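Welcome to this short tour. Please take a moment with the sequence and the 3D view, and then read on for a guided look, topic by topic.

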Amino acid sequence: MSAILDVRAVSRRYSLPRRSLLRSGPVLTAVDRVSFTLERGRTLGIVGESGSGKSTLARMIMAFEAPDEGEVRFDGRTLHTLPAGELRLLRRSFQMVFQDPWGSLDPRRTVAWSIAEPLRATGADQVGRRVDEALDQVGLRAEDGRKYPHEFSGGQRQRIAIARAIVTRPALLVADEAVSALDVSVQAQILNLLMDLQEELGLAMVFISHDLPVVACLADHVLVMRAGRPVEAGATAGLIAAPRDDYTKSLLAAGGLMP
Amino acid sequence: MIALSDVSVGFDGARALRDVTLSVARGERLGIVGESGSGKSMLGLAMMGMVPDAARIAGEIVLDGTAMSGAPERVWRRARARKVAMIFQEPMAALNPLQRLGETVMEPLLVHQGLGRSAARARTLELFDEVGIPDPEARLRQYPHEISGGQRQRVLIALSLTCDPALLIADEPTTALDAHVALRIIELLVRLADKRRMALVFISHDLAAVARATERIAVMYGGEIVEGGPTPAVLAAPRHPYTRGLLGARPGIGGQTPGRDADGRRKRLPTIPGSVPPLSLLPAGCRFAGRCAVELSHCAAVRPEPYRLPDGRFAACHLLGAGT
């Protein structure tokens, strides 16, 4: 199998505001030489807490920003050197789901309009049929497309955000804390939906969360990050059964019932 | 310390709480667990006498031996200044961004406890030290935005301790924090409850946090307590179908190992079907009817009484009454 996503030693640094007039501000290395590959149809879980660099990494995978060093190769092509037009077309193939579905839904437009947005942005045809199909795939009805976001519950709105992400039939879905704001029972439904979609559509997934037990239930491989650096990586079962790093152990313990 | 019997809170046509009965003794730690719309936050507000004006409240609330039902706001305000305190999920929202941390914590000491400035300052330093804030002197002069979320929650806890409360209500106090920071805050709350002989009501959607923080647990659904008892016993062997569903749906707790089954399909999580209905559409009988995996024909219409189990446990489910 060929890798759909190949992340090679990417780093991203930000300069912080200067504290003195005479010296430039300190530099924060948000992501420090992170590498991984992801096969088609598989899931990589990225686990870390605030400040771990996991969201910065997601933005580089999505080509929202370019790495300072290293490269992100999607389907064999280096994203941040592609001409803008080519990148725009290629965006159909990788889409993202965020923690807050409101971020990708316009409260004044129907749900169908918001779901169709990535299709319009990449100039696809048969928009209506594709939107209905996406609604069906996330367990909603075609009629739901005529409603507005506020008419849905939090879990349903996340389904709508997922429909918007899969409407272009991407090969890769990046989910950043996509179930973190949901109640436990709704969270389980959405996790199962992501597993269904992965099997139906052959999606590769990068699933990012602070919650290691959640990540473990759908990832084939897990990468644990702390302060921008990878601290541990491996096949999920092995990493859960015998975590080597103390930080990984503490993340695992935090989700369990025993003190 | 506080006892509620048959407390209901209603908004026109819908009941946010229905006949809630519970009590917490001094030094005891009670967990209230539930999902959005379960009524857990409303229960916290009822214990503080802070139910919204539009609501009708019924039932008995006895706080430290004083009947508070129907008590005027003046009486509640006195109680909040001297006996009960509350902390919330987002400490930033409870702290004045323009006020130095020292001023914020000193204010109730000056106003409610009648301390002079130097005594209030000394007391604030003691409280900062008690809640584990390093370098308290320096913190006095800082603003909320200059410290981390975990430190802010500690400042808020220090603020809540200014009235030397006999009851502390913590509503999702660890939800916005990273896991290891949350653990430290839970340890702090447990230690404070122990040392001060303070009753702690820990409200959270997070089963793992409640498991660590509390000795007894009350599981809420649709404005009712559906199951209760000692925390380890309830979580180890839940008896109410909702509690079972909730524990099963949470990865890493339900006992199911993640991975793929024999034919290579990824294992699905057990789920509770549907979603929590709006308050006005909850069934008149068992609130969980319509979503329950083991529902009987009369569940939606007939309300189950809390069925008493050994070891001080109870669950409101017809199946238990039927002896199964």
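Two strands count as paired if DSSP finds at least two bridges between them. By that rule, S1(B) and S2(B) are antiparallel partners, joined over seven bridges. Please keep in mind that this is a predicted model.

**Chain A as a whole**

- Nine helices and ten strands make up the secondary structure of chain A.
- The C-alpha trace of chain A spans about 55 × 50 × 45 Å along its principal axes.
- A compact globule of 259 residues would have a radius of gyration near 18 Å, and the 19 Å of chain A agrees with that.
- Of the 259 residues in chain A, 43% count as buried.
- Among the contacts in chain A with a separation of 6 or more, 67% are accounted for by residues 24 or more positions apart.

**The sheet of chain A**

- Chain A has an open sheet of four strands in the order S2-S1-S4-S5, with antiparallel pairing.
- Its edge strands are S2 (27-39) and S5 (77-78) of chain A, each of which pairs on one side only.
- Strand S1 (residues 3-15) of chain A pairs with S2(A) in the antiparallel sense over nine bridges.
- To find this pairing in the view, look for Val7(A), which stands opposite Phe36(A) in S2(A).
- Helix H1(A) packs on this sheet, touching S1, S2 and strand S4 (69-74) of chain A. The direction of H1(A) makes about 120° with that of S1(A).

**A closer look at helix H1 of chain A**

- Which residues of helix H1 (residues 54-61) of chain A are buried? They are Lys54(A), Thr56(A), Leu57(A), Met60(A) and Ile61(A).
- Seen down the axis of H1(A), these buried residues fall within an arc of 160°, so they line one face of the helix.
- After H1(A) comes Ala63(A), which has a positive phi, near 60°.

**The sheet of chain B**

- In chain B, four strands form an open sheet in the order S2-S1-S4-S5, and the pairing is antiparallel.
- Strand S2 (14-24) and strand S5 (66-67) of chain B stand at the edges with a single partner strand each, so one side of each is left without a neighbour in the sheet.
- Strand S4 (residues 56-63) of chain B pairs in turn with S5(B), in the antiparallel sense and over two bridges. In this pairing, Val62(B) stands opposite Ala67(B) in S5(B).
- Helix H1 (residues 40-47) of chain B lies across strand S1 (2-11), S2 and S4 of chain B, and runs at about 60° to S2(B).

**Where the two chains touch**

- How many residues of chain B are in contact with chain A? There are 28, and they are in contact with 29 residues of chain A.
- On the side of chain B that touches chain A, helices H8 (179-196), H9 (207-213) and H11 (241-249) of chain B each supply at least two residues.
- H9(B) gives the largest share of that side, with four residues.
- The residues on that side of chain B divide into 13 nonpolar, eight polar and seven charged.

**Two residues in a loop of chain B**

- Arg265(B) has its place in the loop between H11 and strand S11 (307-309) of chain B.
- Is Arg265(B) buried or exposed? Arg265(B) is exposed, with 10 other C-beta atoms within 10 Å.
- Not counting residues up to four places away in sequence, Arg265(B) touches Glu199(A) and Arg260(B).
- His298(B) is found in the loop between H11 and S11 of chain B. His298(B) is partly exposed, with 13 other C-beta atoms within 10 Å.
- From His298(B) to Pro258(B) is 40 residues in sequence and 37 Å in space, C-alpha to C-alpha.

Terms used: Residues numbered from 1 in each chain as written. Chains lettered and ligands numbered in written order. Predicted model: local features only at pLDDT ≥ 70, side-chain atom pairs only at ≥ 80, totals over all residues. Contact = placed C-beta atoms within 7 Å. Axes fitted to C-alpha atoms, helices over the stretch in contact; angles between N-to-C directions. Rg over C-alpha atoms; globule rule 2.2 N^0.38 Å. Buried ≥ 20, exposed ≤ 12 C-beta atoms within 10 Å, placed from the backbone. Nonpolar A, V, L, I, M, F, W, Y, C, P; charged D, E, K, R; others polar. Arc of directions from axis to C-beta.
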